Amino acid sequence: MLAYFSTELLKELLDYYLPRYRLAEERGFAVQGSKYAWLYDELRLRISTIQQALLFLDSLPKFMSGQIFQSQ
């Protein structure tokens with residue numbers, strides 16, 4: 001069961017998209033002009049967005065508690 005108020009959902013989505021992204025690379029979808037280049041681009045953007053969201057959510061508690069400013 002996924003907890004919707006944690007990062008577990010995003011991690012599950014990332015685990016879902018990464019194998020498909022690698023498969024798209026292996027099949028040559030990354031080449032512009034390929035019939036499925038749009039699919040590769042979509043997967044790349046989804047993975048990038050999820051990774052950025054995970055980084056943001058990981059740093060948010062540190063930022064809110066002031067730990068980021070104390071370490072400088």
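Is Arg 44 buried, partly exposed or exposed, and what is its relative accessible area? In this predicted model, in which local features need pLDDT of at least 70, side-chain atom pairs count only at pLDDT 80 or more, and totals for chains, interfaces and linings use all residues, Arg 44 is partly exposed at 37% relative accessible area, where buried denotes under 20%, exposed over 50% and partly exposed the range in between (1.4 Å probe, protein chains only). Residues are numbered from 1 along each chain as its sequence is written, and side-chain values use heavy atoms, with hydrogens and water left out.

A search of the whole structure identified 2 salt bridges, defined by a side-chain nitrogen of Lys or Arg within 4 Å of a carboxyl oxygen of Asp or Glu. In one, Arg 44 is joined to Asp 41, with the closest N and O atoms 3.7 Å apart; Asp 41 is partly exposed at 22%, and the two residues lie 3 apart in helix H2 (residues 37-65), about one helical turn, helices being DSSP runs (H or I) of at least four residues, numbered from the N terminus. In the other, Arg 46 meets Glu 42 at 2.7 Å, N to O.

Aromatic pairs, with ring centres of Phe, Tyr or Trp (its six-membered ring) within 6.5 Å and planes under 30 degrees apart for stacked, over 60 for edge-to-face and tilted for the rest, number 3. Among them, Tyr 16 and Tyr 17 are edge-to-face, with centres 5.3 Å apart and planes at 75°, whereas Tyr 21 and Tyr 40 are stacked at 5.2 Å and 20°, linking helix H1 (residues 8-26) to helix H2.
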